[in-house]
Amino acid sequence: MKLQILLLIFCCGLVNAQVKPPNIVFCLADDWGYPHAGAYGDQGVKTPNFDRLAKEGVLFNHAFVSSPSCTPSRNAFITGKYHWELGSGANLWSTLPEEHESFIHLLADNGYTTGRTNAKTWGPGNLDSWIASHGSHPSNKGYNTFEDFLETTTDDEPFFFWLGTLDPHRAYEKGTGEESGIDISKVHLYKHYPESDVIRKDVADYYYEVQRWDSLVGSVIKQLEENNLLENTIIIMTGDHGMPFPRGKGNLYDSGVRVPFAVRWGNEIKAGRAVDDYVSFADIAPTLLEAAGVKTPQDMTGKSLVNILKSESPRSIDRSDIVFGRERHVPAQEKPNMGGYPSRGYRNDNFLYIRNYKPDLWPAGTGNSEKTNYPNQWYADCDGGPTKDYIVANKDLDQEHQLAYELCFGKRPAEELYDIKNDPDQVNNIANDKAYAKTLESLRAKLQAKLTALNDPRATNPDYEGFDQYPYLGGGGGKKN
């Protein structure tokens, strides 16, 4: 009997010794927003690989970035903190202060082989001082392909790989979407756009690059399968913020801050679940550290999603709302103002509340090219393209086009409130409607409480100027076509 017990203990020890932490592949598109994936019901775009991850894993219906701008969004992912906690890292074309650690380095310190694509992962910005302090890029060595990276891994050690891309960032090759077979009548148009074939074709070109991105992820899934790695690999597929269109990227509406998000983790999670929990990019780092068995630093303000991934409930108790914000995207105001358009947002199932701290400024930048900070700038907080050109050129055509122009480029009041149930695209601001006065007061207080708990300097000083004092390291952006 004693011998049998000893043999059982010995065998269990061997099994446990063979179990290694999961591999991780983080797939991040550049400017891919919600709901532009088949799994969300978009009939115009084909995303079979994202849809597969959702079917074989968990699909998140309410995933939001910390900020709808590349650099701060990626900084939040890397550090597990909201962008407003990161000093200069809250802005586009900035850097990451040395005192903030990359969770990917923590994985490497705990036995993970780590790497990234040479295509865009962190940025844009300058990491020279951060790298000098930490010894390498936040996600360590770059590789041309995932296959090249796999050749450096071993069976004994888990790996983390960041799959980056420039898709579907502008500029697009005009006409590629429709020419590839995308039906422009089926593309998804937010209600802040007027009905126009020009816009539909532009969105189709964006879809074309989304589909190319989806194919890239598919090639990585195939390599994982061929190497018998798929079932012990966490795959996350998402985008860094909304589409690069007017009132999308750089804005706090769903069109700017809400992103596709799916997670596959083999038999560790129940397949085919869709969850309604509100999750932030700041939550990704603590999630992956917990999944890897690595201690989460106390200064990370994001919260792990592992309990949600392993649950069978569509909603946890404490995940029913979320906050996000923006600081400087590009210096798009009238010179000599080199600052941004500071704002914060609070979102739950029923309402979106936005606080614009400087409503006298232009949300998308000035349209007066003679008063801009850089030559040839023009509504520089909005990427150039056919949709932008069309809306501005036709703003006086009729009421529909006038409204589109005001929603995309006009000044905004200090407070915005949208009824999600009746206005899912968030185009009818009801902040001044007396029927919603108590709601407005309640959401104002909830935003304040959350920002205070999450170390936002604007919680105690709405006029805080610190973010605008950091140098802008990029070019002009938003040039007139």
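**A walk through the model**

Guide: Let's begin with a loop: Pro124 sits between β3 (113–117) and α5 (128–134). Keep in mind that this is a predicted model.

Visitor: Is the peptide bond from Gly123 to Pro124 cis or trans?
Guide: The angle to look at is omega, and for Gly123 to Pro124 it is near 5°. That makes this peptide bond cis.

Visitor: Which residue does a cis peptide bond join to Asp167?
Guide: Look in the loop between β5 (159–164) and α7 (176–179). Omega is about -5° for the bond in question, a cis one. The partner of Asp167 is Pro168.

Visitor: What is the phi of Asn228?
Guide: Asn228 is in the loop between α8 and β6 (233–239). Its phi is positive although Asn228 is not a glycine. The value is about 55°.

Visitor: Zooming out, how far apart are the centres of domain 1 and domain 2?
Guide: The protein splits into domain 1, residues 23–320, and domain 2, residues 324–464. Taking the centres over C-alpha atoms, the separation is 24 Å.

Visitor: How many residues does the contact take from domain 2?
Guide: Both sides contribute to this contact, with domain 1 giving 44 residues. From domain 2, the number is 42.

Visitor: And how much area do domain 1 and domain 2 bury between them?
Guide: Interface size is often quoted as the accessible area lost when the parts come together. Here, 57% of the buried area is on carbon and sulfur atoms. The total for domain 1 and domain 2 is about 3700 Å².

Visitor: How many salt bridges are there between domain 1 and domain 2?
Guide: For polar contacts, the count between the two domains is 24 residue pairs. For salt bridges between domain 1 and domain 2, the count is three.

Visitor: Which element gives the largest share of the side of domain 1 that touches domain 2?
Guide: The elements giving two or more residues to that side are β2 (58–64), α8 (197–226) and α9 (254–257). The largest share is three residues, and it comes from α8.

Visitor: Which residue meets Asp383 in a salt bridge?
Guide: The side chains come together with N to O at 3.0 Å. The partner of Asp383 is Lys249.

Visitor: How far apart in sequence are the parts that Arg264 and Glu56 tie together?
Guide: Arg264 and Glu56 form a salt bridge, with their closest N and O atoms 2.7 Å apart. Arg264 belongs to strand β8 (residues 261–264) and Glu56 to helix α2, so the pair links parts separated in sequence by 208 residues.

Visitor: How many aromatic pairs turn up in the whole structure, and is the Tyr40 and Phe50 pair stacked, edge-to-face or tilted?
Guide: A search of the whole structure gives 29 aromatic pairs. The ring centres of Tyr40 and Phe50 are 5.9 Å apart and the planes are at 35°. Planes under 30 degrees apart would count as stacked and over 60 as edge-to-face, so this angle falls in the remaining class. The Tyr40 and Phe50 pair is tilted.

Visitor: Which residue has a polar contact of 2.5 Å with the side chain of Glu415?
Guide: Glu415 lies in strand β13 (residues 415–419). Beyond its neighbours within four places in sequence, Glu415 is in contact with several residues, including Ile354, Asn429 and Leu440. A polar contact of 2.7 Å joins its side chain to that of Arg444. The partner at 2.5 Å is Tyr353.

Definitions and conventions: Residues numbered from 1 in each chain as written. Predicted model: local features only at pLDDT ≥ 70, side-chain atom pairs only at ≥ 80, totals over all residues. Heavy atoms only, no water. Domains from an automatic or database assignment. Contact = heavy atoms within 4.5 Å. Buried area = accessible area lost by both parts, 1.4 Å probe. Salt bridge = Lys/Arg side-chain N within 4 Å of Asp/Glu carboxyl O. Polar contact = N/O pair within 3.5 Å; in protein donor to acceptor, adjacent residues only side chain to side chain. Helix = DSSP H or I, 4+ residues; strand = E, 2+ residues; numbered from the N terminus. Phe/Tyr/Trp six-rings, centres within 6.5 Å; stacked < 30°, edge-to-face > 60°.
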